[in-house]
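Here is a short briefing on how parts of one protein model pack together. Look at the structure first, then read on.

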Amino acid sequence: MANGIAKYSSGRIIPMHGDLRKAMRSWHRECGRPIIGPVIMSERGGAMTARSIVNWFHEAYAALDLTGCSSHSGRRTFITRSARAISKVGGSLRDVQELAGHRALSTTERYIEGDRIAQRRLISLI
C-alpha cells in the first residue's frame, strides 16, 4: 500500500484471506486487468470518497433492515473477533493493533467489546 493514501501516511502490508484474494483476482479480470486506479469505482466512475463509502454502507445496511450499524461496524467486529482469537494462533494484541493500523494499543482496546459469557467462563476456571 502506498503510504500517501493511508491515514497519517502509515501504509502497511497485511495478510489477505484466501477467499478475498480469489474474489479480488476475479474482480480484477472482470475490470479488464487495470494497472492503476481505484479498486471500487463510484457511481460516477472515479475513486470513492470517504463520504461516499459511509453512504454506501448506510444504504446497504438499510436494505438489509439492519439498525445501529455504521461504516465502522465491520472494523469494530474484525478487531473484537481478532482480539478474542489471536492467542489461539500464538499472537498477541500487538498483532491485532498492527492489523488495525493503530499507533497505540489503547486505541485498539477501545474497539474491543467485552463478552459477559466469556468473563463468567473465565471466572469459573479460576
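This is a predicted model: local features need pLDDT of at least 70, side-chain atom pairs count only at pLDDT 80 or more; totals for chains, interfaces and linings use all residues.

Residues are numbered from 1 along each chain as its sequence is written, and side-chain values use heavy atoms, leaving out hydrogens and water.

**Helix pair**
- Two packed helices are described by the angle between their axes and the distance between the axes.
- Helix α3 spans residues 73-85 and helix α4 spans residues 93-100. Helices here are DSSP runs (H or I, at least four residues), numbered from the N terminus.
- Their axes come within 9 Å and cross at roughly 160°. Axes are lines fitted to C-alpha atoms over the stretch in contact, and angles run from 0 to 180 degrees between N-to-C directions.
- That makes α3 roughly antiparallel to α4 (an angle over 145 degrees).
- In α3, Arg75, Phe78, Ile79, Ser82 and Ala83 meet Leu93, Val96, Leu99 and Ala100 in α4. Contact means heavy atoms within 4.5 Å.

**Nonpolar core**
- The largest nonpolar core has five residues: Ile79, Ile86, Val96, Ala100 and Tyr111. Such a core is a set of buried Ala, Val, Leu, Ile, Met, Phe, Trp, Tyr and Cys residues joined through side-chain atoms within 4.5 Å.
- Ile79 touches Val96, Ala100, His102, Thr108, Tyr111 and Ile112, not counting residues up to four places away in sequence.

**Arginine 116**
- Arg116 lies in helix α6 (residues 116-125).
- Arg116 is exposed, with a relative accessible area of 57%. Buried means under 20%, exposed over 50%, and partly exposed in between (1.4 Å probe, protein chains only).
- Arg116 and Ser106 are ten residues apart in sequence and 21 Å apart in space, C-alpha to C-alpha.

How values were computed
Helices (H or I, at least four residues) and strands (E, at least two) are DSSP runs, numbered from the N terminus. Angles under 35 degrees count as roughly parallel, over 145 as roughly antiparallel, 65 to 115 as roughly perpendicular and the rest as oblique.
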